[in-house]
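Dear colleague,

I am passing on to you the structure we spoke about, with the sequence alongside. My notes on it follow below, and I would be glad if you read them against the coordinates.

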Amino acid sequence: MLYSSIGYYSLILGLLISLPIFFFSIKNYRNQEILDYNIITFSFVQLLLVVISFLGLVFSFVHSDFSNETVFNNSHSTKPLFYKISGTWGNHEGSLLLWLVVLTLFIFLFLIWSKDLLKRYRILTVLFQQIIILGFFAFLIKSSSPFNYIFPTPQEGMGLNPILQDPALAIHPPILYLGYVGSSIIFSSVLAATTLNYISRSWAIHIKSWVLSSWIFLTLGILLGSIWAYYELGWGGFWFWDPVENVSLMPWLALTTLLHCILVLEKRDILSSWIIILSISTFTLSMCGTFLVRSGILNSVHTFANDPERGLFILTFLFILIFISLLIFFVFHKSEKNSYNSFYLLSKETAILVNNWFMMYFLSVVLIGTVYPIFLDVISSQKISVGPPFYHKLIIPFLVPFLIFMAIGPQLKWIKAELKGKLYLLVLFIISLLISFFIFKNLDANFLVNTILVGSALYLFFITIKDFFIKKFKNYSQNIAHFGFSLLILSIIFNNIFSTEVIVNLKIGETFQNNRFKIVFNDLKKIEEKNYISFKGNFSIKENNTDDQLEPELRIYNQPNIITSEADIKTTFLSDKFITINTVQNEEYFNVRYQVKPFMFWIWTSVLLISSGGLISLFKKKYEK
Amino acid sequence: MYGQEVKLRFFFIILILITLILSIFLILKSLEENVIYFKSPSDVKLIGKLEKNKIRIGGMVKENSIKIKSNEVSFIITDFKNEINVIYSGVIPNLFSEGKGVVAEGYLKDKSYFEASKILAKHDENYMPPEVKEALEDK
């Protein structure tokens with residue numbers, strides 16, 4: 001009771017604090033030379049109030065205060081403490097409150113880190129950010145308040161969906177949100193910079209750290225979600241082209257493109273219009289992600305709410321933001337005059353631009369694949385779904401030139417590059433193709449596609465390795481990130497080709513054998529845990545000379561009463577052994593799925609490498625300052 | 001320099017337009033080929049000719065219809081008006097059980113016999129795929 005009230009009233013107060021921020025910002029905009037200290041103070045107060053409100057909700061969860069509707073709907077007194085806390089953002093209302101926390105945190109950080117920048121630019125950024133913040137306040141208080149009372153107070157809560165009770169998924173939303181919301185700062189600053197015609201090299205250097213940090217968080221957030229899907233959903237895959245995955249991939253693609261454009265702006269002072277458009281789209285896509293996932297339009301495990309009013313609100317808000325930003329873009333933006341004078345076809349910026357186009361193409365493929373079913377449902381109420389073949393068919397062929405440009409681009413100079421002394425590029429390419437040819441020569445797989453694809457991925461792989469050891473002026477961040485990407489593509493392809501699986505229904509004591517391995521279902525143990533009963537199977541898997549004991553689990557949760565399968569995975573550098581079991585209608589048979597998934601470890605590692613590339617770039621910048 | 005600038009700009013615009021048109025064409029084309037339609041057992045009864053495309057069928061799993069063997073599972077999907085027999089070998093989701101909503105993806109062998117390659121049942125005891133809900137509400 002107490003914590004909820006504290007949370008609710010500090011949320012209202014936080015909203016009211018926006019007034020003085022607006023007041024001082026507008027007053028300060030014309031009058032003084034230096035930034036009014038009141039703006040920073042009030043931003044801090046707002047942050048504090050929102051954090052208190054959030055903590056109010058966290059404590060309501062910790063104390064299982066079921067008079068709070070959100071707690072009642074998403075918690076249970078027998079849940080472990082860790083999941084009580086993570087349950088705070090495992091639902092619609094709480095996750096929006098978390099958005100607001102990050103929104104206010106970031107604008108405060110922006111204010112204290114941008115001291116040497118133009119005063120008017122800082123104020124305008126605050127104003128644009130406040131518009132977004134106001135939208136979220138209104139949304140939270142009006143249609144999704146996390147602090148609604150229930151009377152009489154229920155004895156017990158409804159519980160949190162067990163598949164969300166998992167360490168990776170507990171930290172997945174906050175990390176992802178740091179990335180999503182980071183793009184709001186980019187959005188506000190781009191609008192401010194456009195209004196003041198302030199987009200320049202120095203601005204690029206300043207905004208780069210925001211772009212980099214949101215990019216790192218977004219990458220890690222997607223990675224966590226993917227790892228979770230791998231072991232928790234029990235399908236052994238890591239990417240399903242599910243709409244909710246796609247909505248996190250789309251801002252990532254836009255942000256990655258933006259990151260590369262900022263590099264061009266920093267060096268060449270061109271592409272400013274493109275950067276404005278990209279920044280607007282990144283934030284719009286992040287908001288769309290929230291809209292699609294939270295409004296219940298997409299049906300999936302992530303979909304918490306199913307309330308048309310909420311969807312309508314976010315949609316209206318989104319349209320207002322897009323309208324404002326486009327208005328600012330067309331009214332204030334002046335395109336640069338000197339851009340095409342020194343633009344040569346063979347240069348680093350051309351390579352970046354070409355890959356920009358590919359990224360935009362990938363983005364539109366994912367966008368159409370995600371939105372089209374919704375669109376069709378609305379206009380003709382036909383239900384369809386777009387499966388992985390659609391994405392594979394459209395994306396894989398274009399990965400080839402994409403990878404090649406990614407390899408060659410960093411080898412070229414800015415402005416104007418020459419082909420002299422670049423013979424090694426061709427030689428390496430032929431070598432990569434040959435290696436790939438010999439790998440696939442004796443394999444029963446799609447020969448032509450795989451050879452070319454692996455060839456170009458190997459090309460990027462070799463060139464980045466060569467750069468790492470030989471190149472004179474090293475750009476470690478780019479080098480490591482690109483190397484990580486080549487490793488990612490290679491691991492995914494080999495994982496796809498060499499994965500094997502057996503699906504069989506077994507009774508306890510039975511054995512399955514084929515020409516590769518032997519699976520023995522030894523026994524099943526029953527273990528009572530705090531909020532679930534676990535049935536732990538014991539399997540021995542004999543393959544060649546190895547003999548592994550794997551123990552997949554079936555959990556029957558008390559509240560909500562749901563059965564989940566917990567996979568048991570044995571990870572080595574080269575491959576994962578993955579087993580899940582499931583009951584079928586309480587019969588004696590258990591549905592057993594055993595998979596050998598090569599290179600899983602490298603898929604995760606390569607994504608970590610990619611994001612560490614960003615991290616290096618971020619710290620290098622700080623260090624040079 | 002002015003002439004070259006205009007030429008370059010023109011060149012870029014043409015290039016962008018061509019790629020734009022090409023990629024939209026490509027996307028729409030493969031969308032047409034790779035879309036999976038959702039049908040209820042009653043919809044299946046209405047189709048005239050058997051299609052070769054992959055489809056999804058949704059409804060409830062009929063009571064006492066699940067039969068399990070060592071290599072496959074068979075059951076009946078019903079929308080309380082029409083029924084369809086499904087045969088499936090593969091991973092069975094946690095929440096697959098009699099009297100609950102289910103979506104099966106696969107190929108129709110004939111109008112009352114469906115060979116599924118994937119079964120979707122979501123991880124929430126109250127969850128019913130919206131398609132199923134709607135199909136049932138229509139009745």
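In which sense do E5(B) and strand E7 (residues 113-120) of chain B pair, and over how many bridges? Please bear in mind throughout that this is a predicted model. The two strands pair in the parallel sense, over four bridges, and within this pairing B:Val86 of E5(B) has B:Phe114 of E7(B) as its bridge partner.

E5(B), which covers residues 83-88, also pairs with strand E4 (residues 73-78) of chain B, and here the strands run antiparallel and are joined by six bridges. One of the residues involved is B:Ser74, whose bridge partner in E5(B) is B:Ile87. E4(B) and E5(B) form a hairpin with four residues between the strands, in which B:Phe80 takes a positive phi near 65°.

Turning to chain A, its secondary structure comes to 17 helices and eleven strands, and its C-alpha trace spans about 85 × 80 × 50 Å along the principal axes. The radius of gyration of chain A is 26 Å, which agrees with the value near 25 Å that a compact globule of 625 residues would have. Buried residues account for 49% of the chain, and of the contacts in chain A between residues at least 6 apart in sequence, 73% join residues that are at least 24 apart.

The largest nonpolar core has 171 residues, among which A:Leu100, A:Leu103 and A:Phe136 touch the most other members. Helix H8 (residues 201-232) of chain A provides the largest share of this core, with 18 residues. A second, separate core has 21 residues, including B:Val91, B:Ile92, B:Phe114 and B:Ala116. Leaving aside residues up to four places away in sequence, A:Leu100 touches A:Val50, A:Ile133, A:Phe136, A:Phe137 and A:Leu140.

The domain assignment divides chain A into domain 1 (1-161), domain 2 (166-413) and domain 3 (500-601). The C-alpha centres of domain 1 and domain 2 of chain A lie 25 Å apart, and 28 residues of domain 1 are in contact with 25 residues of domain 2. On the domain 1 side, helix H4 (81-86), helix H5 (92-113) and helix H6 (119-143) of chain A each supply at least two residues, and the largest share, ten residues, comes from H6(A). By class, that side has 17 nonpolar, ten polar and one charged residues.

Finally, the two chains meet where 39 residues of chain A are in contact with 36 residues of chain B. The elements giving two or more residues to the chain A side include helix H12 (348-380), strand E1 (384-386) and helix H13 (388-408) of chain A, and H12(A) gives the most, with six residues. This side divides into 22 nonpolar, 13 polar and four charged residues. Strand pairing also crosses between the chains, as E1(A) and strand E1 (residues 35-39) of chain B pair in the antiparallel sense over three bridges, with B:Val35 in E1(B) as the bridge partner of A:Val386.

With best regards

How values were computed. Residues numbered from 1 in each chain as written. Chains lettered and ligands numbered in written order. Predicted model: local features only at pLDDT ≥ 70, side-chain atom pairs only at ≥ 80, totals over all residues. Core = buried A, V, L, I, M, F, W, Y, C linked by C-beta atoms within 7 Å. Buried ≥ 20, exposed ≤ 12 C-beta atoms within 10 Å, placed from the backbone. Contact = placed C-beta atoms within 7 Å. Pairing = 2+ DSSP bridges. Rg over C-alpha atoms; globule rule 2.2 N^0.38 Å. Nonpolar A, V, L, I, M, F, W, Y, C, P; charged D, E, K, R; others polar. Domains from an automatic or database assignment.
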